[in-house]
Amino acid sequence: MALSIIETFGAKRFLLNEAGLRKVIELIATRLNKGEADPRIQYELTRQDRSEYKTKSIEEVLSDRNTGPTRLQNLKVYVNSGGVGTRVALFFDVRKENVPVFFSITGDDREMVMLLGADLREYIVSEIIVKRKPIRWIAIPLAIIWYYLMRFFITLPQPRPASPALPSASEILKNPDLAAKLNYLIQRQQADSGGSLFDGLVAVLFLAGIVTALWILVANPQWKYIVPGNLFLIGKERERYDRLIDIRDKVVWGVIVAFIVGIVAGVIVWRTTSP
């Protein structure tokens with residue numbers, strides 16, 4: 001009785017380069033060749049402009065320009081081996097964010113199906129699936145920077161609405177006009193509460209910054225511009241990916257250096273100005 005297995009990797013994203021694709025085909029061919037039959041391999045590709053083509057040559061796949069409207073969106077690999085009665089289907093799809101990678105294996109040799117499934121699963125998880133990066137460490141410097149930024153805003157002079165000079169309280173008490181006393185109280189209240197809106201805004205910004213930092217610390221979000229995924233790293237897409245990673249690293253190191261310099265400068269100023 002034939003055995004069929006289907007393996008999905010959830011919403012985990014992939015990065016498939018030339019070495020990864022060659023290794024996957026090698027793993028499949030090595031297992032199937034033990035059945036003394038050369039596997040028949042076919043590749044089906046879909047581009048962003050919805051054009052499709054099929055080929056039996058991996059070199060043709062790897063020579064694809066993969067840029068602009070011809071950027072690859074989907075790659076299907078079908079492997080059939082009549083000698084051992086095994087069929088393998090492997091899918092990489094940029095458009096299916098919930099299940100971008102999965103494979104299925106069907107064969108009469110149950111042991112071969114299980115072994116091939118284990119080989120593919122192990123390699124895809126270790127080499128093709130994007131690993132989660134420790135983005136949460138950003139929360140610590142973010143919270144510290146936000147804290148000192150809010151302290152800086154608090155030290156700024158609070159804006160107050162322009163108001164005419166108020167008479168002294170003793171003069172108002174001596175004035176028998178009740179309307180004058182009520183007008184004095186209203187003007188006094190407006191003068192005293194002039195900075196309340198500014199204080200409230202600072203408090204809201206402070207809480208928003210702290211909540212954002214806590215969310216990053218707990219959720220460890222994997223932003224696509226920081227941790228790119230679901231990409232076929234062949235042709236021009238490989239060059240674009242390398243540029244993106246280079247820019248990301250420069251920005252991250254720039255933030256780290258600026259953070260360290262800011263702390264050192266703050267300590268120096270505090271030491272030189274403190275009595």
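The model is predicted, so local features need pLDDT of at least 70 and side-chain atom pairs count only at pLDDT 80 or more, while totals for chains, interfaces and linings use all residues. Residues are numbered from 1 along each chain as its sequence is written, and side-chain values use heavy atoms, with hydrogens and water left out.

**Cavity**
- The structure holds 1 cavity of 30 Å³ or more, a cavity being a set of points on a 1 Å grid over the protein atoms alone where a 1.4 Å probe fits but cannot get out.
- The volume of the largest cavity is about 40 Å³, taken as the space filled by probe spheres set on the points, which are joined across faces, edges and corners.
- Lining residues, which have an atom within 4 Å of a point, include Leu16, Asn17, Glu18, Val61 and Phe232.

**Aromatic pairs**
- A search of the whole structure finds 5 aromatic pairs, counted where ring centres of Phe, Tyr or Trp (its six-membered ring) lie within 6.5 Å, with planes under 30 degrees apart stacked, over 60 edge-to-face and the rest tilted.
- Phe9 and Phe103 form a tilted pair, because their ring centres are 6.2 Å apart and their planes stand at 50°.
- This pair links distant parts of the chain, 94 residues apart, with Phe9 in the loop between β1 (3–8) and β2 and Phe103 in strand β7 (residues 101–107); strands are DSSP runs (E, at least two residues) numbered from the N terminus.
- Phe9 is buried at 9% relative accessible area, and Phe103 is buried at 0%, where buried means under 20% with a 1.4 Å probe and protein chains only.
- Phe14, Phe92 and Phe232 form one aromatic cluster.

Note on methods: 1 Å grid on protein atoms, 1.4 Å probe; cavity = no way out; pocket = protein on both sides within 12 Å on 5 of 7 lines; lining within 4 Å. Helix = DSSP H or I, 4+ residues; strand = E, 2+ residues; numbered from the N terminus. Buried < 20%, exposed > 50% of the residue type's maximum accessible area, 1.4 Å probe, protein only.
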